[in-house]
Amino acid sequence: MTRDESAALRAVLQNLNRTRTWAEIAREIGVCTNTVRHAGTGRSPGSAGLALRVARLAGLGLERILTPGPVSSTACPTCGRSG
């Protein structure tokens, strides 16, 4: 993953971590807690597979997870959700 893609994944994970613990996120997507925590804190870049699982959990498309910044003026600057 590129540096920008990793940063975008990290932002989504950190946003999810506001309402769930790293362990809860990991359990919901079926990976080890350290995998989620390390990608969410920047210790590791994450992977495309992790990004896909996070996208499903967040209800977003994979391209949104891997693209930094908002997609439109009505989208959330952190996660990209509209409305």
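# How do the labels hold up?

Student: What makes Gly40 count as buried or exposed?
Tutor: Gly40 has 0% relative accessibility. Buried means under 20% relative accessible area, exposed over 50%, and partly exposed in between (1.4 Å probe, protein chains only). The value 0% is under 20%, so Gly40 counts as buried.

Student: What kind of model is this?
Tutor: This is a predicted model, where local features need pLDDT of at least 70, side-chain atom pairs count only at pLDDT 80 or more, and totals for chains, interfaces and linings use all residues. Residues are numbered from 1 along each chain as its sequence is written, and side-chain values use heavy atoms, with hydrogens and water left out.

Student: How confident is the predictor, by pLDDT?
Tutor: pLDDT is the predictor's confidence in each residue, from 0 to 100. The protein averages 86, and 82% of the residues score at least 70.

Student: Which residues of α3 are buried?
Tutor: Val36, Ala39 and Gly40. Seen down the axis of α3, they fall within an arc of 100 degrees, so they line one face of the helix. The arc is that of the directions from the helix axis to the C-beta atoms. These residues pack against α1, α2 and α4. After α3 comes Gly42, with a positive phi near 90 degrees.

Student: Where do the buried residues of α2 point?
Tutor: They are Trp22, Ile25, Ala26 and Ile29. Their arc around the axis is only 100 degrees, so they sit on the same side of α2. An α-helix has 3.6 residues a turn, so residues three or four places apart point the same way. The cover over the buried residues of α2 includes α1, α3 and α4. Gly30 follows α2, and its phi is positive too, near 80 degrees.

Student: What makes a set of residues a nonpolar core?
Tutor: Its members are buried Ala, Val, Leu, Ile, Met, Phe, Trp, Tyr and Cys residues, joined through side-chain atoms within 4.5 Å. The largest core here has 18 residues, and those with the most contacts inside it are Leu9, Leu13, Ile25, Val36, Val54 and Ile65. The elements giving two or more residues are α1 (3–16), α2 (22–29), α3 (33–41) and α4 (48–58). α4 gives the most, with 5 residues.

Student: What does Leu13 touch?
Tutor: Beyond four places in sequence, Leu13 touches Trp22, Ile25, Val36, Ala39, Gly40 and Val54.

Student: Why is the pair Arg20 and Glu28 called a salt bridge?
Tutor: Side chains of opposite charge can pair when their charged atoms come close. A salt bridge needs a side-chain nitrogen of Lys or Arg within 4 Å of a carboxyl oxygen of Asp or Glu. Arg20 and Glu28 meet at 3.1 Å, N to O, so the pair passes. The count by this rule is 1.

Student: How exposed are Arg20 and Glu28?
Tutor: Arg20 has 25% relative accessibility, so it counts as partly exposed. Glu28, at 45%, is also partly exposed.

Student: Is Glu63 buried or exposed?
Tutor: Glu63 lies in helix α5. Its relative accessible area is 58%, so Glu63 is exposed.

Student: And what about Ser6, buried or exposed?
Tutor: Ser6 lies in helix α1. At 8% relative accessibility, Ser6 counts as buried. Not counting residues up to four places away in sequence, Ser6 touches Met1 and Pro45.

Student: What share of the protein counts as buried?
Tutor: Of its 83 residues, 30%.

Technical notes
Helix = DSSP H or I, 4+ residues; strand = E, 2+ residues; numbered from the N terminus. Contact = heavy atoms within 4.5 Å.
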